Amino acid sequence: MATTEMPVVNECAVDTCAYNREHVCHALAITVGDPQHAHCDTFFTSPRKGGSSAAAGHVGACKMSDCRYNADFECHATGISVGARHDTADCLTYSPR
Ligand code: SF4
């Protein structure tokens, strides 16, 4: 893929996350993946909301090299969804090759 645009987080169901407002992620760039599963590493809770209210979240980096959308530890999906799967906040677009 020639473009260097980061994939958008189309929807995030994890409304307990500090970056989430009404199922929209407002972190400028999330990181996905740990050795076990496609966990959103950016998820955390806080008494107040953060992120950029005017911007939607994007995938800044992803460590899931076995995902069909991953090349060189970068995500090349057009967009992803985040929600609960194995954990509170996981990439639901993850698809093993
Ligand atoms: S779709 Fe695949 S490559 Fe993209 S963030 Fe999710 S797990 Fe990573």
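The model is predicted. The protein chain contains 9 strands and 0 helices. Its radius of gyration is 12 Å, close to the 13 Å that the globule rule gives for 97 residues, so the chain is as compact as a globular protein of that length.

**Overall fold**

- Read along the sequence, the elements of the protein chain follow the pattern β-β-β-β-β-β-β-β-β.
- The C-alpha trace of the protein chain spans about 35 × 30 × 15 Å along its principal axes.
- Among contacts in the protein chain with a separation of 6 or more, 65% are between residues 24 or more positions apart.

**Burial, surface and charge**

- Of the 97 residues in the protein chain, 35% are buried.
- The accessible surface of the protein chain comes to about 5700 Å², and carbon and sulfur atoms account for 52% of that surface.
- The protein chain carries 11 negative and 7 positive side chains. The centres of these two sets lie 2 Å apart.

**Cysteines**

- The structure holds 0 disulfides.
- For Cys 12, the closest cysteine sulfur is that of Cys 25, at 6.0 Å.
- Cys 12 has a relative accessible area of 8%, so it counts as buried, the cut-off being under 20%.
- Cys 67 is also buried, at 7% relative accessibility.

**Arg 21 and its contacts**

- Arg 21 sits in strand S2. Its relative accessibility is 27%, which makes it partly exposed.
- Leaving aside neighbours within four places in sequence, Arg 21 is in contact with His 26, Lys 49, Gly 50, Gly 51 and Ser 53.
- Arg 21 and Ser 81 are 60 residues apart along the chain, and their C-alpha atoms are separated by 14 Å.

**Gly 51 in the loop between S4 and S5**

- Gly 51 belongs to the loop that runs between strand S4 (30-32) and strand S5 (59-62).
- With a relative accessible area of 43%, Gly 51 is partly exposed.
- Not counting residues up to four places away in sequence, Gly 51 touches Tyr 19, Arg 21 and His 26. Arg 21 and His 26 are themselves in contact.

**Loop residues with positive phi**

- Glu 22 lies in the loop between strand S2 (20-21) and strand S3 (24-25). Its phi is near 50 degrees, a positive value in a residue other than glycine.
- Glu 22 is exposed, with 78% relative accessibility.
- Phe 73 is placed in the loop between strand S6 (70-71) and strand S7 (74-75). Phi of Phe 73 is near 65 degrees, which is again a positive value in a residue other than glycine.
- Phe 73 has a relative accessible area of 52% and counts as exposed, because the cut-off is over 50%.

Definitions and conventions
Residues numbered from 1 in each chain as written. Predicted model: local features only at pLDDT ≥ 70, side-chain atom pairs only at ≥ 80, totals over all residues. Heavy atoms only, no water. Helix = DSSP H or I, 4+ residues; strand = E, 2+ residues; numbered from the N terminus. Rg over C-alpha atoms; globule rule 2.2 N^0.38 Å. Buried < 20%, exposed > 50% of the residue type's maximum accessible area, 1.4 Å probe, protein only. Contact = heavy atoms within 4.5 Å. Areas by Shrake-Rupley, 256 points an atom, 1.4 Å probe, with all protein chains shown as cover. Lys, Arg positive; Asp, Glu negative; His and termini not counted. Charge placed at Lys NZ, Arg CZ, Asp CG, Glu CD. Disulfide = S-S within 2.5 Å.
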